[in-house]
Amino acid sequence: MESPTVAAHAESAFSLESVRRRLQPASGGSSTEIFRDTLRWGADRLQTLFHEGAPADALVEARSMLVDEVLRAAWQAHVGTHSDGLALLAVGGYGRNELLPHSDIDLLVLHSDTGLERHRGELEQFMAMLWDIGLEVGASVRTVADCQSQAREDLSIFTTLTEHRLLAGSPALVDALEAALGPDHVWPSQDFFRAKLKEQQSRHAKFDDTGYKLEPNVKESPGGLRDIQTVAWVAKRHFGAGSLRDLRERGFLSKQECDELYAGQDFLWRVRFALHMLTGRKEDRLLFDHQVRVATLFGYVDADSTLAVEQFMQLYYRNIKMLTCLNDMLLQLFEQAILDNAAAAEPHIINERFCIRSHFIEARRDNVFREQPWALIEIFLQLQRHPEVHGIGASTLRLIRRDRRLVDEGLRETLHARELFIQMFREERGLTRALRRMNRYGVLGRYLPDFGKVIGHMQYDLFHTLTVDEHTLYVVRNLRRMAMQRFRDELPFCHEVMQRVPRRDLLYLGGLFHDIGKGQGGDHSTIGADTAKRFCLNHGLSHADAELVDWLVRNHLLMSLTAQRMDISDPDVVTEFTQKVGSRARLDYLFLLTCADIRATNPKLWNSWRKSLLEELYRATATAFERGIENPQDTAEVVSERRQQALALSGVPATDAESIWSRLDADYFLRYTPEELAWHLPALLQARPDGTLVLVEEVAERGTTVFVYTLDRDRLFAVTTGVLAQLGLSILDARLNTTADGFALDSYVVIEGDGSAIDGSSRREEIQSALCERLQPGTLESVRVSRRASRQLRHFDTPTIVRHYADDTRDRTVIELVSGDRPGLLSLVGEVFADHGVRLDAAKIATIGERAEDLFYVTDATDQPLVDIDAADALCDDIVDRVKAMDDSP
C-alpha cells in the first residue's frame with residue numbers, strides 16, 4: 001500500500017528527469033548499451049540512497065519508476081506509441097509500485113486478437129531487448145477474456161491482475177479488464193475474503209504459525225510483508241481502498257495504528273532491500289549468512305551482553321509481533337464488515353465488564369480498562385474459561401492496545417491483579433492460548449517486565465530455533481499437552497508422570513520463568529530463579545511453593561546435562577544426581593520440565609535417543625529414592641539384575657550366554673539395557689572370530705543403532721566414525737567395550753545429518769555394507785571425510801578448546817573437546833588418539849547446535865590414566881592443530 005509521502009520522497013531521492021535524460025539518446029531507436037547503463041546507474045544510485053538512510057518506501061517506488069521508464073522507452077522503440085489493440089501493464093508487486101532491487105517484474109501484455117496479430121513481430125523484438133539489457137521479466141500475453149477465465153480458476157492470478165498499472169498502450173483495454181474482473185463477474189468480495197483468509201492460514205501453517213524462528217522469511221512468515229498485502233488486497237476488493245490512509249479515513253485504523261503499519265512496512269522493506277543488495281539476487285530469507293551483515297548495515301554494534309545481530313533481530317521480531325497484532329485486528333474487522341453484522345448479534349453477558357458476541361469476547365463499554373485496569377488481566381482469564389470463543393473482538397483488541405500502558409507498577413502491586421494472573425495457572429485449561437494472546441497483544445511483557453526484556457530476544461546459535469519468549473510459551477504448551485488426556489499418546493511416559501504431580505500450576509510457573517533471566521548477563525538460571533521466587537511470594541504462594549519454583553528454574557538444565565554429558569550407566573553418577581535432586585517429587589517436576597524444554601528448544605533435538613536417556617536417568621533415580629539415598633545400589637547388584645533380565649528376554653541358554661559374557665567386564669552390562677543385551681547375544685554367538693559383525697537396527701529406546709563386533713585394532717574408532725560421517729550421518733552416542741581376548745564391541749546411535757531419523761531398510765543396509773567393507777580383518781586404513789559442513793555450520797566460528805582432567809570415579813583420563821561441529825571431527829580425534837598411543841574407553845557425544853561438546857574417556861596402552869601431564873598437553877594441542885588444519889584445507 002502506498003504511503004502518502006512516497007511520491008515526495010521518491011522525487012527527491014531519485015529524479016524522474018535524470019532517468020529520462022539518460023534514456024533520451026535511445027528515443028529514436030534501440031540502443032542496448034544505453035538501457036544497460038541506465039539500469040546500472042539506477043542500481044548504484046539506489047544503493048547509495050539506502051546507505052544515506054533514504055526511507056524504504058522511497059526506494060521501492062524509485063526502483064519501480066526506473067523500471068517504468070526503461071520499459072516505456074523500450075516499448076516506444078519497438079512497438080510505438082500508436083499500438084492499437086495492445087496495452088503493457090505492470091501487475092503484482094510491480095503493479096503496486098513496490099520493487100526491490102531483484103524483485104519479480106511481472107508484466108501483462110493485454111491485447112485484442114487483431115492487435116496481437118498486427119504487432120507480433122514488434123512484441124517479440126521488445127521482449128528480446130528486455131533480455132538483452134538484463135531486465136528479467138515475467139510476462140503473460142492475454143486477452144481480457146483470457147484474464148477473466150484464468151482469474152476465475154486461480155486466486156493468485158486474480159490477485160496479481162487486480163494490482164495493475166498501465167505503462168503504455170490502450171487505456172480502453174485496461175477499462176475492459178477492470179470491468180471483466182469486477183465482483184459481478186469473478187470473486188465476489190465475500191468469496192475473495194474467505195479465500196484470502198484461508199490462504200493466509202495455510203501460509204502461516206507452513207511456518208508452524210510463528211514468525212519467530214531463527215531464519216525467518218521477511219515476506220512470507222507470519223507478521224511479514226505478505227500479511228500487510230493480504231490486508232491491502234481485501235481492503236481494495238471490498239472497500240475500494242487504495243492505501244492505508246484510506247483505511248484510516250474509513251475508520252478501520254486509528255492514526256497511531258496507521259503510523260505503526262507504515263513503520264512496520266518500511267522496516268521490512270528496508271530489510272528486504274538489504275538482503276537483495278547483499279546477495280545480488282531475490283532473497284527474502286533472513287539466513288544466518290546474512291543476519292550479521294544486515295545488522296551492520298542497520299548500524300548495530302556488539303554490546304557487553306548482546307551481539308549486534310541479536311539486537312537487530314530483536315527489533316525484527318518485535319516489529320512482526322506488532323504487525324501480527326494489527327493483522328489480527330484488521331482481518332477481524334473486515335470479517336465483521338464483509339461476512340456478517342456482528343454488532344447486531346445478541347450478546348451473552350459474562351459479567352459487568354465483558355460479553356461474548358459472535359464467538360468473540362468483547363468489552364461492554366469503551367472505558368472498561370481505564371476504569372478497572374486489572375480487567376486487562378481478567379479478559380485473558382475469561383478467554384480460558386470460555387473455550388468456545390474464537391478470540392478477542394477487534395474493537396476490544398483496539399482498546400487493549402490503547403490502554404495496555406495502564407499495566408504498570410501500580411497495577412502489578414494490586415492484590416486483585418495478582419490473584420487474576422495466578423488464577424490463570426490454576427485454571428490450567430486454555431493457559432497456552434491465553435498466554436500467547438497476552439504476549440501477542442502486548443500485555444504479558446508489561447505485567448512481567450522481566451519477560452518483556454526477552455520478547456523477541458534471539459540467541460545467535462543453531463541450538464535455539466525460537467526467540468526466548470516464543471520458546472518459553474512452547475515449553476508451557478508442552479507441559480499442558482503432557483497433562484491432557486487427548487495427547488497422552490504423544491509422550492505416554494510423561495503423561496504418566498504428570499498424573500503424579502500434585503501442583504501443576506507450579507510446574508507451569510517453572511516453565512514460564514526458566515529462561516526469563518537470559519540476555520541480562522550472568523547465569524540466566526540464577527537470575528531467573530531469583531525473579532521467580534520474588535514473583536511467587538508477591539503473588540501469595542507459600543514459601544514452600546516459592547522454593548520449589550525457585551529450585552526448578554535454578555536447576556532446569558541439571559537433568560539434561562547429566563543425561564547427555566555424563567555416564568549415567570555409572571551408579572556413582574546416578575547417586576550424585578539423586579542427592580542433588582533431593583526428593584522423588586522434585587524428580588517428577590524436573591523430568592517433565594526437562595522434556596518440555598528440550599522439545600521446545602529445537603525440534604531436531606527431541607528424538608528417541610534423548611528421550612531414552614532422560615527416561616533411563618529418571619527410572620534409575622526413582623529406584624534410588626525407593627531404596628533410600630543412604631542405601632545406593634552397587635555395581636554388582638545392577639550387573640546381576642541386567643544379566644538376569646537379558647537372559648529372560650533373549651531365550652539363550654545360560655551356559656551359552658556365559659561363554660560370551662565371561663569375556664566382558666561390568667562396564668558392558670552397565671552401558672546397555674537388558675533389551676540391548678538380549679539383542680546382542682544371538683548375534684555374538686554366531687559371529688566368526690576372524691570376521692567383522694555389523695548390525696544396524698532400530699532399537700526401540702535408542703533409535704537407529706550401529707553395533708560393531710570385530711578384532712580391536714588401532715584407528716578402529718577413527719575409521720568407524722569416518723565411514724559414518726562420509727555417509728552423511730551424525731553420531732549421537734558412542735559406547736565402546738573391549739573383551740578380555742581383544743575384541744571390540746562398539747555401539748553408535750546415529751541420525752541423518754539434517755537431524756532426521758534413518759529411513760528404510762535400504763539405508764540401513766548401505767550403512768552396514770560400508771562398515772563391513774572398511775572394517776575387515778587386517779590393518780585399518782584412515783578415512784578421508786570429504787563431506788563439507790552445512791551452510792549454517794560454516795557461518796559460525798567456534799574456537800576449538802581441548803583440555804584434560806582425571807576421572808575421579810575411575811582410573812582414566814577425560815579429554816574434553818569444545819569445537820565447531822563439522823563432518824569427520826570424531827574421526828580426526830580418533831586418529832590423534834591412535835597416533836599418541838591412547839586407548840578410547842568411552843565417549844559422550846553432545847552436539848549443541850553448531851557446537852560439538854564431546855567427552856572422551858581414555859587410558860594409555862596399559863589401561864592406566866594419562867599420568868604424564870606433558871604428554872596429555874601435547875595430545876590436546878595436537879587435536880587443536882589438526883582441527884585448524886581441517887578448516888584450512890580446500
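Asp 835 and Arg 882 form a salt bridge, with their closest N and O atoms 2.7 Å apart (a salt bridge is a side-chain nitrogen of Lys or Arg within 4 Å of a carboxyl oxygen of Asp or Glu). The pair links distant parts of the chain, 47 residues apart: Asp 835 belongs to helix H40 (residues 825-835) and Arg 882 to helix H41 (residues 869-888). Helices (H or I, at least four residues) and strands (E, at least two) are DSSP runs, numbered from the N terminus.

The model is predicted; local features need pLDDT of at least 70, side-chain atom pairs count only at pLDDT 80 or more, and totals for chains, interfaces and linings use all residues. Residues are numbered from 1 along each chain as its sequence is written, and side-chain values use heavy atoms, with hydrogens and water left out.

**Overall structure and confidence**

- The protein has 41 helices and 17 strands, and its C-alpha trace spans about 100 × 70 × 50 Å along the principal axes.
- Of its 890 residues, 58% count as buried (buried means under 20% relative accessible area, exposed over 50%, partly exposed in between, with a 1.4 Å probe and protein chains only).
- Among contacts with a separation of 6 or more, 71% come from residues 24 or more positions apart (contact means heavy atoms within 4.5 Å).
- Mean pLDDT is 90, and 96% of the residues reach 70 or more (pLDDT is the predictor's confidence in each residue, from 0 to 100).
- Over residues 1-13 pLDDT stays under 50, and the model has 31 contacts beyond four places in sequence for this stretch.
- Where pLDDT is low, the predicted coordinates should not be read in detail.

**Salt bridges**

- The structure holds 73 salt bridges.
- In the pair that opens this briefing, Asp 835 is partly exposed at 41% relative accessibility, and Arg 882 is partly exposed at 26%.
- One network, joined by salt bridges that share partners, contains Asp 567, Asp 667, Arg 671, Asp 807, Arg 812 and Asp 841.
- Arg 203 forms a salt bridge with Asp 227, with the closest N and O atoms 2.8 Å apart.
- Arg 203 lies in helix H10 (residues 189-206) and Asp 227 in helix H11, so this pair ties together parts that are 24 residues apart in sequence.
- Both Arg 203 and Asp 227 are buried.
- Glu 283 and Arg 281 meet through their side chains in a salt bridge of 3.2 Å, N to O.
- Glu 283 counts as buried at 3% relative accessibility, whereas Arg 281 is partly exposed with a relative accessible area of 40%.

**Arg 237, a buried charge**

- Arg 237 is placed in helix H11 (residues 225-239).
- Arg 237 is buried but has no salt bridge, and the nearest side chain of opposite charge, Asp 184, is 8.1 Å away (Lys and Arg count as positive and Asp and Glu as negative; His and the chain ends are not counted).
- A polar atom of the Arg 237 side chain lies 3.0 Å from the backbone oxygen of Trp 187.
- Leaving out residues up to four places away in sequence, Arg 237 touches Phe 158, Leu 181, Gly 182, Pro 183, Val 186, Trp 187, Ser 189 and Phe 192.

- Helix H24 (residues 468-483) has 16 residues and reaches 23 Å from its first C-alpha to its last, close to the 22 Å expected at 1.5 Å a residue (the expected span is 1.5 Å times one less than the number of residues).
- H24 is mostly covered, with 15 of its 16 residues buried.
- H40 is also mostly covered, with ten of its eleven residues buried, including Leu 825, Glu 831 and Phe 833.

**Val 719 and helix H37**

- Val 719 is in helix H37 (residues 716-726) and is buried, with a relative accessible area of 0%.
- Val 719 and Leu 780 are 61 residues apart along the chain, and their C-alpha atoms are separated by 7.2 Å.
- Beyond four places in sequence, Val 719 touches Arg 774, Leu 775, Leu 780, Glu 781, Ser 782 and Val 783.

- Ser 358, a residue other than glycine, has a positive phi near 50°.
- Ser 358 sits in the loop between strand S6 (354-357) and strand S7 (360-363), and counts as partly exposed at 27% relative accessibility.
- Arg 715, likewise not a glycine, has a positive phi near 70°.
- Arg 715 is in the loop between strand S10 (703-711) and H37, and counts as partly exposed at 24% relative accessibility.

Terms used: A polar contact is a pair of N or O atoms within 3.5 Å; within protein, one must be able to donate a hydrogen and the other to accept it, and residues adjacent in sequence count only if both atoms are side-chain atoms.
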